[in-house]
Structure formats: C-alpha cells, structure tokens
Amino acid sequence: MPEIRWTNDRMDQLENAARKNLRVSLTRRGTEYVVTAIRVTSIGQHEALIGFLPMTGEELTFRLDEIEGFQVIE
C-alpha cells in the first residue's frame with residue numbers, strides 16, 4: 001500500500017489528537033490499530049506518532065512514513 005501524503009492539515013490533525021489525547025485509528029502494513037495518541041516526535045531522521053494501546057497498556061511507535069492511512073476519533 002502507498003504511504004500517506006503528509007499535508008499541513010493532516011499533520012495538524014495528528015498533533016491536535018496528541019495534544020488532546022484523542023483516539024486515532026491508523027493502518028500500518030495492512031493492520032489496523034486504534035490507539036490513544038500521546039505525542040508526535042522525531043526518532044532519528046523520521047517523525048513518529050507515539051500511541052497507547054488501551055487493551056494491553058503497551059506504548060507503540062508508528063513512523064509516519066509507514067502509516068497508510070489514519071482517522072482521528074473524537
């Protein structure tokens with residue numbers, strides 16, 4: 001699947017979700033995840049979303065260049 005094109009509006013949506021700790025549904029490598037957004041950060045030379053998986057308590061890292069699609073759940 002092609003990666004998502006990160007426009008300013010899409011980055012704003014993701015950063016806003018992290019500021020408000022909103023849930024985000026995203027797809028990476030064909031798998032859908034629903035996480036609570038914690039922060040958008042840099043890891044090495046890549047930007048990433050850090051999300052909390054409520055069912056397991058696990059903190060997951062999603063490099064933005066690997067995300068195929070996302071939707072903020074308000």
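Two strands pair if DSSP finds at least two bridges between them. Helices (H or I, at least four residues) and strands (E, at least two) are DSSP runs, numbered from the N terminus. In this structure, G51 stands opposite L60 in β4.

This is a predicted model, in which local features need pLDDT of at least 70, side-chain atom pairs count only at pLDDT 80 or more, and totals for chains, interfaces and linings use all residues. Residues are numbered from 1 along each chain as its sequence is written, and side-chain values use heavy atoms, with hydrogens and water left out.

**The sheet**

- Five strands form an open sheet in the order β4-β3-β2-β1-β5, with antiparallel pairing.
- β4 and β5 are the edge strands, and each of them pairs on one side only.
- Neighbouring strands are turned by 45° against each other on average, direction ignored. Axes here are lines fitted to C-alpha atoms, for helices over the stretch in contact, and angles run from 0 to 180 degrees between N-to-C directions.
- In a regular strand the side chains alternate between the two faces of the sheet.

**Strand pairs and hairpins**

- β1 (residues 23-28) pairs with β2 in the antiparallel sense over 6 bridges. Across this pair, L26 has Y33 in β2 as its bridge partner.
- β2 and β3 run antiparallel and are joined by 7 bridges. S42 has E47 in β3 as its bridge partner.
- The hairpin of β2 and β3 has 2 residues between the strands. G44 in its turn has a positive phi of about 65°.
- β3 and β4 are antiparallel too, with 6 bridges. Their hairpin has 4 residues between the strands, and G57 takes a positive phi near 80°.

- Contact means heavy atoms within 4.5 Å.
- R19 lies in helix α1. With 62% relative accessibility, R19 counts as exposed. The cut-offs are under 20% relative accessible area for buried, over 50% for exposed, and partly exposed in between (1.4 Å probe, protein chains only).
- R19 and M55 are 36 residues apart in sequence, and their C-alpha atoms are 21 Å apart in space.

**The nonpolar core**

- A nonpolar core is a set of buried Ala, Val, Leu, Ile, Met, Phe, Trp, Tyr and Cys residues joined through side-chain atoms within 4.5 Å.
- The largest one has 17 residues, of which V24, L26 and F70 touch the most other members.
- Two or more residues come from each of α1, β1, β2, β3, β4 and β5. The largest share, 4 residues, is from α1.
- Beyond residues up to four places away in sequence, L26 touches T31, E32, Y33, V35, L49, F62, I67, G69 and F70.
- In soluble globular proteins, nonpolar side chains tend to be buried together.

**Aromatic pairs**

- The structure holds 2 aromatic pairs. Rings of Phe, Tyr and Trp (its six-membered ring) pair if their centres lie within 6.5 Å; planes under 30 degrees apart count as stacked, over 60 as edge-to-face and the rest as tilted.
- W6 and F70 are stacked, at 5.4 Å centre to centre and 15° between the planes. W6 sits in the segment before α1 (8-19) and F70 in strand β5 (residues 67-73), 64 residues apart.
- W6 is partly exposed at 24% relative accessibility, whereas F70 is buried at 16% relative accessible area.
- Y33 and F62 are edge-to-face, at 5.1 Å centre to centre and 65° between the planes. Y33 lies in β2 (residues 31-43) and F62 in β4 (residues 58-63), so this pair ties together parts 29 residues apart in sequence.
- F62 is buried, with a relative accessible area of 0%.

- S25 is found in strand β1 and is buried, with a relative accessible area of 14%.
- The side chains of S25 and E32 are joined by a polar contact of 2.7 Å. Such a contact is a pair of N or O atoms within 3.5 Å; within protein, one must be able to donate a hydrogen and the other to accept it, and residues adjacent in sequence count only if both atoms are side-chain atoms.
- R28 is also placed in strand β1. R28 is buried, at 13% relative accessible area.
- Leaving aside neighbours within four places in sequence, R28 is in contact with Y33, T61, F62, E66 and E68.
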